[in-house]
Amino acid sequence: MAKGKMCVTGGGGYLGSWVLKLLLSNDYAVHATVRLPGDAKYAHLNQLEKASDNLKLFKADLLDYDSLCSAIEGCTGVFHVACPVPSTTVPNPQVEMIEPAVKGTLNVLKACLEANVKRVVVVSSASAVSWNPRWPKGQIKDEACWSDKEYCTTTKNWYFFSKTEAESEAFEFAKRTGLDVVTVCPTLVLGPLPQPSVNASSLVLIKLLKEGYDALENKHRSIVDVRDVAQALHLVYEKPEAEGRYICTAHSIMARDLVDKLRSIFPNYNYPKSSFIKVGEEDMLSSEKLQKLGWSYRPLEETLVDSVESYRKAGILD
Ligand SMILES: NC(=O)c1ccc[n+]([C@@H]2O[C@H](COP(=O)([O-])OP(=O)(O)OC[C@H]3O[C@@H](n4cnc5c(N)ncnc54)[C@H](OP(=O)(O)O)[C@@H]3O)[C@@H](O)[C@H]2O)c1
C-alpha cells in the first residue's frame, strides 16, 4: 500500500532520479515531471523498484503552469528539483537559466498552493549561499549567508544568480501565502549516475579522470553524495520541525588532494599532470543545521569509488 502521493519535478535528472528511487523504496506513490516522456533518457526510471505500481510520469515544463498543476494535483508533498544546470556558459542566460529557475519555481509554488500541498522542498544550491564578498574572511558560512545578487551579476555568474533569486523568491512566496517551504542547498554533488546521460557535476569528476590537464587550478571543493542529498530532502520533508534553508555538504578537499586520493584508488586514469595553480581561498560551509536534524553522510571514498564504477559501467571512461 502506497503511503501518500509525492511529486518530484525533474524526476528524470541526476538528483531527481535518486529522489524517485528513495521515495518509491519508502512506499510513496510518486508523480515525476519530465519534459519528453517516452524519451530513452528516462528508460532507467522504469527499472526502479516499485516503479510499475507507484510511479507515474507527467509531461511538464517549468514555464507551463498548467502542466505543473496536472502533476502536482493530489500530492501531499512536492520536491522541486528541476532547474537548468548547464555545464558551460549559455548564450542567453536570461531565457535559458534565470527564467526557468525563478519563474519556474514560482509556478511550482503557485501550483502547490492551489493543490493544498502540505510541504514543498525546494532544491537550491550552495551557489545561493557562498558568493558573498562581504562575509567575514575565514568565518564558516552557514544558512545566514546569502550570495550577493549584484556580485553574481557583475561577475556574470548567472547560475549562481538564478539559484539565489529563485530561493529568495521562494521564501518571499512562502511568507506571503503561508505555504510551507523548506530549501536544501547542496554543494558539488557526486555519486553514481542513475541515468544514461552525464550531468554537469558528474562531468567535473569525469574530466579529472580523463582530460590529463597540463595544469589545474587547485580549487577548494565541497562535495556531497547524491544519495545523501536525496536523504536530506526526504528528511526535511518528514521532520515537522524543519524550517528555512539547509546547507547540504559533507567533504571539503583541495583539487590536488582529490586527484591524489583518486590516483591512490584508481592509478590508471589520465589525471592532471603535476602542476596545480594556487587560486583564491578556502570556501568553508557548514551543514551543522542539517546534521542536528538527523542527517549524516557517507565517506568520500565510497562516493568516489561508486561514481567511477558507474562511469565505467556506462562506458564513459573508455
Ligand atoms: N549536481 C550538483 O552539483 C548540484 C549542486 C547544487 C544544486 N543542484 C541542484 O539540483 C537540482 C538537480 O540538478 P542535477 O544535478 O540533478 O541536474 P540535471 O541532471 O541536469 O537535472 C536537471 C533537471 O531539471 C529539468 N529541467 C531543466 N529545465 C527544465 C524546464 N524548463 N522545465 C522542466 N524541467 C526542466 C531537467 O529535465 P529533463 O529531464 O526534462 O531535461 C532535469 O531533470 C537542480 O535544481 C540544481 O540546481 C545540483
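Trainee: What should I keep in mind about numbering and confidence?

Mentor: Residues are numbered from 1 along each chain as its sequence is written. In this predicted model, local features need pLDDT of at least 70 and side-chain atom pairs count only at pLDDT 80 or more, while totals for chains, interfaces and linings use all residues.

Trainee: What makes a residue part of the shell around the ligand, and which are the closest?

Mentor: A residue counts as near if its C-beta atom, placed from the backbone, lies within 6 Å of the molecule. By that rule 27 residues surround the ligand, and the closest are G10, G13, R35, C83 and S201. Two or more residues each come from helix 1 (14-25), helix 5 (93-114) and strand 7 (188-190). Helix 1 gives the most, with three. Helices here are DSSP runs of H or I with at least four residues, strands are runs of E with at least two, and both are numbered from the N terminus.

Trainee: What is the order of the seven-strand sheet?

Mentor: The order of this open sheet is 3-2-1-4-5-6-10, with parallel pairing. Strand 3 (55-59) and strand 10 (244-248) pair on one side only, which puts them at the edges. Five bridges join strand 2 (residues 29-34) to strand 3, and V30 has L55 as its bridge partner in strand 3.

Trainee: Why is the crossing of helix 10 and helix 12 called right-handed?

Mentor: A crossing is right-handed if the near helix is turned clockwise from the far one by less than a right angle, and left-handed if anticlockwise. Helix 10 (residues 255-265) and helix 12 (residues 300-313) pack at about 65°, with axes 11 Å apart; the axes are lines fitted to C-alpha atoms over the stretch in contact, and angles run from 0 to 180 degrees between N-to-C directions. Their crossing is right-handed.

Technical notes. Pairing = 2+ DSSP bridges.
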